[in-house]
Amino acid sequence: MKGNPAMSWFNRRRFLAATGATVATAAINALAAPTASRPTSITVRDAGGSYVDAFREAFYLPFEAKTGIKVVSAASAPEPTAQIKAMVEANSYTWDVALLSLAAYDQLVQQNLLAPLNIGGSAYDDLPAQYKRPQFAGVDVFATVLAYRTDTVKRAPTSWQDFWDVKNFPGRRGLRSNPFDTTEIALMADGVPTGSVYPCDLDRAFGILDRIRPSVNAWWTAGAQSTQLIQTGEVDMIAMWNGAAQRTIDAGAPVKLVWNQNIAGVEGFCIPRGTPRAEAAREFIAFAMQPQQQAILSKYMTYGPTNPKAYQYIDAKRARALSTNPEYQKTALAINNEYWVANKDRALERFNAWRVK
């Protein structure tokens, strides 16, 4: 006997509805599957202070707007090699990306603590060779420069030799309380060409430092301290990072910078090996290499962009304040990180003993 037509129609409809629901659910799951492992956020270690606002506007917020992945900023002490080593060894990650100097990178890569970037085909390819490594993408270049007050220094210095010439260039001086930079400055002050500074002759450098020591009124240990020293007039000329010096100029202080013989170092993004958010980290770093984003960064800090194409989006006036301006690079001394990795301990020990003599 044939079944009830009405009941057959109802059963077919229920079957089709159930089948449709199953298909719809499968389609939704299929769409969601690629994003199931995609994080909603990543954490980037930066240097804090002025970096936070600059990186937020240039990288963090635009990346979130493009990808939906929120970037959380996490500041730490400089050269956080110990923290990254602890993360990797414990397989517990508080950072997915870390801003590091090349010196810190060199230490970590020797211990296999960093993941390869694998971002070829992106704007990373536009970076000059000195700003990139397989596990490192340079994002900004800082420089140590000679800064002086134009209201008290009547004869403008043009080199580190002038800084040492206390007779013809009188005034209170400031130097960094650290062998890094200070060693190279001393050697250049004694006439060593930039191409011959490394390997550093420490005996010669400390002999040169002995000569200037009586005229050094302040030994600074942090960038903010150097800014205060020159801004308040506690010193008339000082060796300091160009970004810290520019802040005094922006605040209206009568300060000028000498770019001749500037000492240039690069900071870049790295990925701690093993972080489960490595792919999102790579996406973020590739994004930060884009010239348009680095041009935005230059609006907030004068540590120059590593991507030369960024200058296509930077006006000429601002370009004159940036450390990677091609004119300033002609006489720059690039920090030899390999030298300092091999010699930092003995140089620090000797410098600290010299300072307390």
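**Group meeting: one predicted chain**

Residues are numbered from 1 along each chain as its sequence is written, and side-chain values use heavy atoms, with hydrogens and water left out.

Back to the strands. E1, residues 41-46, pairs with E2, residues 70-75, in the parallel sense, over 6 bridges; two strands count as paired if DSSP finds at least two bridges between them.

Now the whole chain. The protein chain has 14 helices and 11 strands; these are DSSP runs, helices being H or I with at least four residues and strands E with at least two, numbered from the N terminus. Of its 357 residues, 50% are buried. Buried means under 20% relative accessible area, exposed means over 50%, and partly exposed is in between, with a 1.4 Å probe and protein chains only. The accessible surface is about 16800 Å², and carbon and sulfur atoms hold 54% of that; the method is Shrake-Rupley with a 1.4 Å probe, and for residues only the protein chains shown count as cover. Among contacts with a separation of 6 or more, 72% are between residues 24 or more positions apart, a contact being heavy atoms within 4.5 Å.

What does Gln261 touch, leaving aside residues up to four places away in sequence? Ser159, Trp160, Met188 and Thr331. Gln261 sits in strand E9, residues 255-270, and counts as buried because its relative accessibility is 13%.

Last, the backbone. Most residues other than glycine have a negative phi, and most peptide bonds are trans. Tyr198 and Pro199 are joined by a cis peptide bond, with omega about -5°. Pro199 is in the loop between helix H6 (179-189) and helix H7 (202-212).

Two non-glycine residues with positive phi remain. Asp181, with phi near 75°, lies in helix H6 and is buried at 6% relative accessible area. Asn118, with phi about 55°, is in the loop between helix H4 (102-110) and strand E4 (132-133); Asn118 is exposed, at 63%.

Technical notes:
Predicted model: local features only at pLDDT ≥ 70, side-chain atom pairs only at ≥ 80, totals over all residues.
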